[in-house]
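This report describes one protein chain for a reader who has not seen it before.

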Amino acid sequence: MSWFKGIEFAHPAFFWLLIIIPLMVGWYIWKQRQLQGNLSVPTLRGFTVIRKSNVARFRHVGIVLRSLAMAALIVALARPQSSLSWQDSTTEGIDIMIASDISGSMLAEDFKPNRLEAGKNIAINFIQNRPNDRIGLVIFSGESFTQCPLTIDHDVLVNLYADIKNGMIQDGTAIGMGLATAVNRLRTSDAKSKVVILLTDGSNNSGSIPPITAAEIAKQFGVRVYTVGLGTNGYAPYPVQTPFGVQYQRMKVDIDEGTLSKIARITGGKYFRATDNETLKQIYVQIDKLEKAKIDVTQYHKKTEMFLPWAIIALILLSLEFLLKNTLFKGALT
């Protein structure tokens, strides 16, 4: 009912009193029948023909007004209130740089379709689930560069992430350079939490900055590093282009877990090992739980009493009934 849209009632139990109205109407009908009688006369000769009056036709208006007044009074007793609510929310976002290895070994197919594509797809899903954070992307191989600086525009970031591929830069695995570039992007950040997620499938063999040195730099700037080693245990199928098409070779998985664990330990992060798509997905879920943005929500409620108009309506209806009963309908069967 549009009259009560956005209305709450402080005492809705009073609506049970509406049962009184049909009882009151029933009593009125029974009383009217008791007042009626019959008069038998032998002839109508000598009686003046009485003109029909419209007053008698509307003599039951009194019970209608009384019933409406009772209904309005019950609504007033239930204390209708207009409710207005709003909330203030304060979000302390986290700044996250993802440092992703794009070296040739990332084409190994122990992940589906391969390590690089699996890492991209799962990371993109992680990005889309963190709308309040600024996130950026660094890629590294034999060297490193920033693919996307910290941004809240995740659509741009996702598109740039989707475009990365092996061969964009010189081959190799410069873990220290990748981490240092990511830390450099975070060093001027004012965020209370600064995080690097570093994904690699090998050992550092390129670059001018050793991984542990990069970890010490991260610690100085208050950057926490989560390291992820990608690769199954043992050997992984690796595609090799030959004159006869693509051939697969068994490549030994060689992840420097000691260095990755030390980087995480120095910076207060954590090391994870992903052996397939599902474990990598679960790693991102764990990181998502570990790095939650702080959101302060304050709710406000304002209520305005609306019973007075209903009480006035009830008073007007009762006054009108009293006025009609003692003037226009005086003497009528009411």
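## A hairpin

Strands β8 and β9 form a hairpin with 2 residues between them. Helices (H or I, at least four residues) and strands (E, at least two) are DSSP runs, numbered from the N terminus. Two strands pair if DSSP finds at least two bridges between them. β8 (residues 235-242) and β9 (residues 245-252) run antiparallel and are joined by 8 bridges. Within this pairing, Q241 stands opposite V246 of β9.

## The model and the chain

The model is predicted: local features need pLDDT of at least 70, side-chain atom pairs count only at pLDDT 80 or more, and totals for chains, interfaces and linings use all residues. Residues are numbered from 1 along each chain as its sequence is written, and side-chain values use heavy atoms, with hydrogens and water left out.

There are 10 helices and 11 strands in the chain. Of its 334 residues, 37% are buried. Buried means under 20% relative accessible area, exposed over 50%, and partly exposed in between (1.4 Å probe, protein chains only). Contact means heavy atoms within 4.5 Å. Among contacts between residues at least 6 apart in sequence, 82% join residues at least 24 apart.

## The open sheet

Six strands make an open sheet: there are 6 strands in the order β5-β4-β3-β6-β7-β10, and the pairing is mixed. The edges are taken by β5 (144-151) and β10 (270-274), each with a single partner strand, so one side of each has no neighbour in the sheet. On average, neighbouring strands of this sheet are turned by 15 degrees against each other, direction ignored.

β3 (95-101) lies under helix α9 in the sense that α9 (residues 277-290) lies across β3, β6, β7 and β10. The helix α9 runs at about 160 degrees to β10. Axes are lines fitted to C-alpha atoms, for helices over the stretch in contact, and angles run from 0 to 180 degrees between N-to-C directions.

## Strands inside the sheet

In β3, 7 of its 7 residues are buried. D95, M97, A99 and D101 are buried on one side, and I96, I98 and S100 are buried on the other. β3 runs parallel to β4 (residues 134-140), with 7 bridges joining the two. F140 of β4 is the bridge partner of D101.

β6 pairs with β7 (residues 223-230) in the parallel sense over 7 bridges. L199 stands opposite V228 in β7.

## A buried loop residue

S193 is found in the loop between α6 (175-186) and β6 (194-200). The residue S193 is buried, at a relative accessible area of 11%. Leaving aside residues up to four places away in sequence, S193 touches I94, D95, R224 and E291.

## Two packed helices

Two packed helices are described by the angle between their axes and the distance between the axes. For helix α3 (residues 61-77) and helix α10 (residues 307-326), the axes come within 8 Å and cross at roughly 160 degrees. α3 and α10 are therefore roughly antiparallel to each other. Angles under 35 degrees count as roughly parallel, over 145 as roughly antiparallel, 65 to 115 as roughly perpendicular and the rest as oblique.

Residues in this contact include L65, L68 and L73 of α3, and F307, W310 and L317 of α10. The contact residues divide into 17 nonpolar, 1 polar and 2 charged. Ala, Val, Leu, Ile, Met, Phe, Trp, Tyr, Cys and Pro count as nonpolar, Asp, Glu, Lys and Arg as charged, and the others, Gly among them, as polar.
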